[in-house]
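Below is a note for a colleague who will be working with this model. The points are numbered so that they can be taken up one at a time.

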Amino acid sequence: MTRSLEEPGQNSPVPQARVLLPPSRRSHIALGLTTAAAQGRFELQVCSSCGAVQYPPREACHRCLSVLLDWQFQDGGGELISETTLFHSHDEFFREHLPLRLGMVRLDSGPTAIVYLHGKVPPAPARVKVDARLDKAGRAVLVAFPGDDTKMADADPAGDSPLWEAGCGPHSRTVPPTGGTVGK
Amino acid sequence: MTTSRRQGYEDIVVTVPVTVPYVRYSTHGAHWFVARALAGLLEGSRLSKSALDGLCLSSFTAAPDTAVGLTQHLGLSLRWLDHIPMGGAAGIVGLRRALRAVQSGDAAIVACVAADTNQSDTFRTTVRSFSQFAQDAVYPYGAGGPNASFAFLTAYYMRTFGARREDFGKLCVAQRNNALKFPLALFKKPLTLEEYLEARPIADPLRLFDCVMPCAGAEAFLVMRRERAQDLGLAFASVLGTIERHNSFPDDPIQTRGGWVLDRDELFAQAGVRHADIDLLQTYDDYPVISVMQMEDLGFCAKGEGPDFVRSHTFTNDGDFPVNTSGGQLSVGQAGAAGGYLGMTEALRQITGASLGAAVPDARIALVSGFGMINYDRGLCCGAAILAGRNA
Ligand SMILES: [Zn+2]
């Protein structure tokens, strides 16, 4: 049975704006980063056997193949070794926020991380402090802040970047559901 | 470190280079391009389909099928099958596998095929789910794809070794000149250095002409015993030496070198030739910085001397150091994994006197290099092969 669609009247509801979100797909293991970020902490996996710090998140230690990896707090200090400004993106959400500045950071703890750059980070090479933030899809992203000064990250958390939330501390903020083991 | 001596490939040859012409977009599946490539191999060799008993496939877009699905799809009954998901290194690695298969008697005639389609959303889909690390730790940062990854490497290389945009531009312009005579190149207009420098920015410092254009197409060749090729009256090339290496320098903070550094001495020793004997070089050129890296790491100049090397050579087919003689991926197009085969088929044509474009004068010995798979922050697969034409 069919019937023709009615013409929308004068009082038809405002067409719903499409809400674009950054890509949210992550592997199960990578969600550990989000679990910690949702509690305001930057954590990476550390090997219980040899102490090697791992990034990107993985199932086994890249140095000794141990599968006993613990999420542990990271100081985040590192060197910005290269950077780029993106003028093209494959994703619709990001296209609305171009141009977009990214960095490659060698963390003092070992791994290389691709990160967003806070606007005040000087050109590479530069000392930076990497921290984990939540993006609009509720997933952790890494952001590099200028210098060695942790206060900087706290006092001027993120400017007004649409790419990551200004802070993830529980103070006056809603902790988003992550599907992980957030909270106590 | 001691390594066991590598066995040679004396009686095994490479023959029948096939290119299924590239198109920017296609509604066909990857299987269509594999079929066209196989048909081209049979036509070129005058073999029947049943004579093929080995297949080595590389494709990013055949999913959910792998090589085994293709055997039924295309009605191939084989006794040897391999699938090489190694992108820009697929041509070298595929050749290596096929050579040993034929040498050992596991197969008599192996078709090596790289084929990919390009539909409207193909490239984004490939980039998004390229690897677990890319999905978790690269794509969420602006989804720039390989452009962003190579922008980091290019910016670092420029800062560290004093390369200028003009140096990369010189390579791109030279390759375009080579492509203007190559009938299968998608880019048919000349490129000036000014156009290169002023092009639309993509991912600083990369601009439009630093980046390959994704497209659909296929490349293929056959591996068989020398006597068989002679019986069939085919022009063929011998394989003097080959190398491959994966995840070579994991402790480097950022990639400035690849595994060729570790194996190039063995490559040249196995081949029994010197650098001066190389008549043409096919680099994997998804971005010009990677071509320069290969020139350094294969030993044509020292690390960091790439910019000077570029300034002191022309790279055109009539020049003093012909590189990417068909125009390379930068001017022909990047048909997915076929980009890892492009240098191989072009080298085969050049050294067997069957060039489709401008022939490199007296070309006898070619070095083909492969590089692939930005799994996270660097390319993991490196390989190279030295081939000699019939008159070498
Ligand atoms: Zn370990």
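**Notes on the model**

1. Val223(B) touches Ile12(B), Val13(B), Leu95(B), Ala98(B), Leu99(B), Val102(B), Ala108(B), Ile109(B), Val110(B) and Cys112(B), leaving aside residues up to four places away in sequence. Contact here means heavy atoms within 4.5 Å. Val223(B) belongs to strand β7 (residues 216-225) of chain B. Helices (H or I, at least four residues) and strands (E, at least two) are DSSP runs, numbered from the N terminus. The relative accessible area of Val223(B) is 0%, so the residue is buried. The terms are set as follows: buried is under 20% relative accessible area, exposed is over 50%, and partly exposed is in between, with a 1.4 Å probe and protein chains only. Between the C-alpha atoms of Val223(B) and Gln175(B), 48 residues apart along the chain, the separation is 28 Å.

2. On provenance: this is a predicted model, in which local features need pLDDT of at least 70 and side-chain atom pairs count only at pLDDT 80 or more, while totals for chains, interfaces and linings use all residues. Residues are numbered from 1 along each chain as its sequence is written, chains are lettered from A and ligands numbered from 1 in the order in which they are written, and side-chain values use heavy atoms, with hydrogens and water left out.

3. Chain A has 3 helices and 8 strands. Read from the N terminus, its elements run α-β-β-β-β-α-β-β-β-β-α. Of the 184 residues in chain A, 48% are buried. Among contacts in this chain between residues at least 6 apart in sequence, 55% join residues at least 24 apart.

4. Which protein atoms are the donors of the zinc ion? They are the SG atoms of Cys47(A), Cys50(A), Cys61(A) and Cys64(A), lying 2.3 Å from the ion. Donors are N, O and S atoms within 2.8 Å of the metal (3.2 Å for Na, K and Ca); water is not among the atoms, so sites may look incomplete. The donors of the zinc ion follow the spacing C-x2-C-x10-C-x2-C along the chain.

5. The angles among the 4 donor atoms are 102 to 117°, and the site of the zinc ion is tetrahedral. Four donors count as tetrahedral if all angles lie between 85 and 135 degrees. The ideal angle for four tetrahedral donors is 109.5 degrees.

6. Two helix pairs in chain B can be described by axis distance and angle. The axes of helix α6 (residues 146-161) of chain B and helix α11 (residues 288-297) of chain B come within 10 Å and cross at roughly 55°. Axes are lines fitted to C-alpha atoms, for helices over the stretch in contact, and angles run from 0 to 180 degrees between N-to-C directions. Angles under 35 degrees count as roughly parallel, over 145 as roughly antiparallel, 65 to 115 as roughly perpendicular and the rest as oblique. Phe150(B), Leu153(B), Thr154(B) and Tyr157(B) of α6(B) meet Val289(B), Ile290(B), Val292(B) and Glu296(B) of α11(B).

7. The axes of α10(B) and α11(B) come within 9 Å and cross at roughly 50°, and the two helices are therefore oblique to each other. Trp260(B), Val261(B) and Arg264(B) of α10(B) make the contact with Met293(B), Gln294(B), Glu296(B) and Asp297(B) of α11(B).

8. Ser248(B) lies in the loop between β8 (236-246) and α10 (260-271) of chain B. Its relative accessibility is 18%, so Ser248(B) counts as buried. A polar atom of the Ser248(B) side chain lies 3.1 Å from the backbone nitrogen of Gly259(B).

9. Some backbone geometry deserves a look. The peptide bond from Leu98(A) to Pro99(A) is cis, with omega near -5°, and the one from Ala124(A) to Pro125(A) is cis, with omega near 0°. Phi is positive at Arg46(B), near 60°, and at Ala143(B), near 50°. Arg46(B) is exposed, with a relative accessible area of 59%, whereas Ala143(B) is buried at 0%.

Methods. Polar contact = N/O pair within 3.5 Å; in protein donor to acceptor, adjacent residues only side chain to side chain. Tetrahedral: all angles 85-135°; square planar, octahedral: opposite > 155°, others 65-115°.
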